[in-house]
Amino acid sequence: MKKFLCVALLPCSALLTTAQDVAKPVSAEALMVMGEDETVPIWIVAATKTDVRYMESAIATDTKDMKISRAKSIYLMEPKEFTQAIDLFQARKYAEAKPKFAALKARYKFMESMRGNHSVLSAFYELECLRKLGDLEGLATGLRRFIKDPLARGYQLKQVDIYVFWDAVRTKSWQRIDALAKERRAEPLPNFLRAQVAYCHGLALEGLGKPGPALNAYNIALTADSGASEEITRLAALNIMRIHKANPAVQLAIKLWRTPDENKNTQGYFRLLEAASVARLYQLFLGSGTALPAEFKDFLKYQEGEAATPDKPADKPDKPDKEEE
């Protein structure tokens with residue numbers, strides 16, 4: 001009989017433990033600075049823009065309420081799960097990072113209106129994952145539920161403002177993008193945002209049937225932040241090569257390459273060399289592990305001087321062309 005009771009009590013005990021775990025509120029660890037020599041660790045269980053409810057230890061059951069303005073500052077400690085998600089994001093593993101940010105956004109929702117909280121930060125990085133993955137429909141859906149006010153860093157707020165360009169790309173509102181880009185031409189922007197604006201403007205100019213100005217915009221996107229925005233520079237490079245390949249003047253320059261009729265003073269010749277330079281740049285740096293598409297590999301053959309071969313890279317000729325010495 002005793003054996004039966006022991007066995008029967010086990011699941012009851014497990015249920016009790018589970019119920020206690022469920023009842024325990026989710027908390028966010030923080031440091032509350034009250035003065036120069038007074039820093040208090042707290043565990044926040046609820047927060048608004050102006051008020052905070054907290055426990056004085058991770059296992060406490062009693063809570064205290066306080067106006068945030070009473071503290072000199074409150075530093076939110078970074079959860080290890082957030083650190084792990086950021087590591088994935090910085091490693092360009094956006095598809096893996098996105099669901100982790102979504103889970104953190106939900107987990108810390110109880111403090112989503114507090115300045116710099118990890119719910120809004122996770123929501124922001126979830127949007128960034130969507131943008132970098134090219135999921136503009138997902139980005140538009142996420143933005144409808146996103147409140148940017150608790151973001152604490154200026155560059156994040158500016159990024160949210162620039163999402164208007166991506167939404168216009170989603171709807172192919174080319175005239176709108178052209179107008180927005182012209183409005184922001186004189187506005188000081190971080191280089192990574194300047195690259196985004198230029199890339200979206202390039203798409204719009206192409207959509208408006210202006211390949212020449214589109215090339216200028218794509219070149220700005222390519223160089224604005226020295227290639228740090230890898231997804232932007234990769235797409236800009238591909239679009240530059242695509243426009244050049246479709247250009248009849250470039251096609252003629254290819255046909256006349258190293259023939260008596262070749263003319264180095266034409267736009268077609270200049271554009272061909274530009275396409276070749278971008279192809280080499282893509283192969284060396286911009287591809288981020290992605291091979292140069294087969295349709296553009298022929299561009300690698302063209303350079304000023306001798307024709308490139310597999311054993312003689314286009315950017316490192318064995319000896320100079322006699323005509324250029």
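In the predicted model, Trp43 stands opposite Met55 of strand E3. Strand E3 comprises residues 51-55 and is joined to strand E2 by four bridges, the two strands running antiparallel. Three residues lie between E2 and E3, and the two strands form a hairpin.

Strand E2, which spans residues 38-47, also pairs with strand E1, which spans residues 28-35. The pairing of E1 with E2 is antiparallel and extends over seven bridges. Within this pairing, Ala30 has Ile42 of E2 as its bridge partner. A hairpin is formed here as well, with two residues between E1 and E2.

A helix pair was examined next. Helix H9 covers residues 211-223 and helix H12 covers residues 267-286. The axes of H9 and H12 come within 13 Å of each other and cross at roughly 30°. Because angles under 35 degrees count as roughly parallel, H9 and H12 are therefore assigned to that class. The crossing of the two helices is left-handed. On the H9 side, the contact is made by Leu215, Asn219 and Leu222. On the H12 side, Arg271, Glu274, Val278, Leu281 and Leu286 take part. Classified by residue type, the contact of H9 with H12 contains five nonpolar residues, one polar residue and two charged residues.

Notes. Residues are numbered from 1 along each chain as its sequence is written. This is a predicted model: local features need pLDDT of at least 70, side-chain atom pairs count only at pLDDT 80 or more; totals for chains, interfaces and linings use all residues. Side-chain values use heavy atoms; hydrogens and water are left out. Two strands pair if DSSP finds at least two bridges between them. Axes are lines fitted to C-alpha atoms, for helices over the stretch in contact, and angles run from 0 to 180 degrees between N-to-C directions. Angles under 35 degrees count as roughly parallel, over 145 as roughly antiparallel, 65 to 115 as roughly perpendicular and the rest as oblique. A crossing is left-handed if the near helix is turned anticlockwise from the far one by less than a right angle, and right-handed if clockwise. Contact means heavy atoms within 4.5 Å. Ala, Val, Leu, Ile, Met, Phe, Trp, Tyr, Cys and Pro count as nonpolar, Asp, Glu, Lys and Arg as charged, and the others, Gly among them, as polar.
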